[in-house]
Amino acid sequence: MNNKEHICVVGLGYIGLPTAIMFAKQGYTVTGVDVKSEVVDTLRKGELHIHEDGLAVAFKGALAMGGLTFSEQTVAADVFIIAVPTPFNKDKSADMRYVRSAAEGIRPVLKAGDLVVLESTSPPRTTIELVQPILEQGGLKAGKDFDLAYSPERVLPGRILEELVSNDRIVGGLTEQANQRAKVLYASFVRGTIHCTDPTTAEMVKLMENTYRDVNIALANEFSRIAAEQAVDVWEAIELANHHPRVEILRPGAGVGGHCISVDPWFLVEVSPERSDLIRTARRVNDAQPAFLVSELERAIGPLAGVKAAVLGLAYKPNIDDLRESPAIEVVHLLRNAGCEVRTFEPYVPDHIAAEGVMACETLPEAVKGVEVVLVVVAHDEFKALTAAKLAELVGKPGEAGFTVVDAVNILPREQDGECRVVRLGVGK
Ligand code: SAJ
């Protein structure tokens, strides 16, 4: 292993920054690049612009090694890692502008013998049909003068540092040499197995993993709708079904959010629209889940116009601060569109200012005081001690049948419903 190699990591978000930190901790010289000057300024001050468990400690350790610096421009290096976002456009097609501009930024400093690895989740053939041609416009040939590979990030937000090390890794090199180089590079910190393949297979693997999860969550969400209509408790039914040795149904909820699972399946639909009915349908089922939740509330209490409601949790999933594509935010918008007055509380957004156009209260009691409906839409640990009766007390209407709690995540204990009306997702009466 050559720890003297200089690695340039382009994109310092949830994946790029932890990856840069991991390499720096292994003794590599690392330049972290981000086009956002505020991100570079923050990191240069030794501060973080994102929250992730263990990241602050790891960052401090990497800085102490002395090899980690930050820049707004891509600098000459031996290895380039592209870890920029790949969001989708309004028509659900992949927005590849950040990958394109990252490759364009590398081209002028690329030299013979370098290795370029794309990590951003991308539609199949991006490495060979988008990144390779851009890099080759500088005159060097991929597979001959420089090495090129695709290696998807597969870490779970909330457990990024742990999973960067322990997960198996897929490396899709353009050539055997690219595979071997990338393998040696990642083996510096990855403890899982590193599996080698070609770039397009590696791109497809990443999309298949997230699509698999999306389709399975859609199935759980659809079960929640059917169960409610059939006077069945979907949570009990799932628990029982999962005793079967070959069944493992996921959890229904307020919908699927985040920048990965709610986005990536569309990349497969985009490249194969005629062959992706199931994937498209699953996306639609999950996207419609916030509306289903709101319609269940309406079914229970009647028209929502003028109703005072509090939404607890804005993050896209439990115990993180990430609000991107969050179904909870969609629930807030839908309630407002129906005429509700909505307050919110999100324990993981510390400044409690506007989040995706939604203001959050500073405390839970402040958010729920005086409302008629409380919706618990994210199963944050902070909410696990809540009961319907306790909520009713905080609201100021203990024992009043006019007060309603909507539990979208099966977090409230059943035996303590008190006299409130409780609407549980997927539970028919
Ligand atoms: N969700 C449910 N029910 C479940 C599980 C999840 O409704 O049973 C919801 C969550 O609340 C959330 C969404 O799905 O809104 C996605 O959450 P998640 O924890 O399933 O996944 P992400 O998006 O945080 O991370 C995924 C992971 N992919 C897989 O597990 C296959 C992660 O390993 C990937 O690295 C990440 O996408 C990514 O970056 O692509």
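A polar contact is a pair of N or O atoms within 3.5 Å; within protein, one of the two must be able to donate a hydrogen and the other to accept it, and residues adjacent in sequence count only if both atoms are side-chain atoms. This is a predicted model, in which local features need pLDDT of at least 70 and side-chain atom pairs count only at pLDDT 80 or more, while totals for chains, interfaces and linings use all residues. Residues are numbered from 1 along each chain as its sequence is written, and side-chain values use heavy atoms, with hydrogens and water left out.

An oxygen atom of the ligand lies 2.6 Å from an N or O atom in the side chain of Glu 153, and for the side chain of Tyr 316 the corresponding distance from a ligand oxygen is 2.5 Å. At Gly 257 it is a polar backbone atom that lies 2.9 Å from an oxygen atom of the ligand. The protein covers 86% of the 770 Å² of accessible area (Shrake-Rupley method, 1.4 Å probe) that the ligand has on its own.

The domain assignment, which is automatic or from a database, gives domain 1 (6-198) and domain 2 (289-424). Their contact, meaning heavy atoms within 4.5 Å, takes 6 residues from domain 1 and 7 residues from domain 2.

Between them the two domains bury about 510 Å², 51% of it on carbon and sulfur atoms, where buried area is the accessible area (1.4 Å probe) that two parts lose on being put together, summed over both. Tyr 14, His 51 and Pro 157 supply 74% of the area that domain 1 buries against domain 2, more than any other three residues. Between domain 1 and domain 2, 2 residue pairs are in polar contact, both at pLDDT 80 or more.
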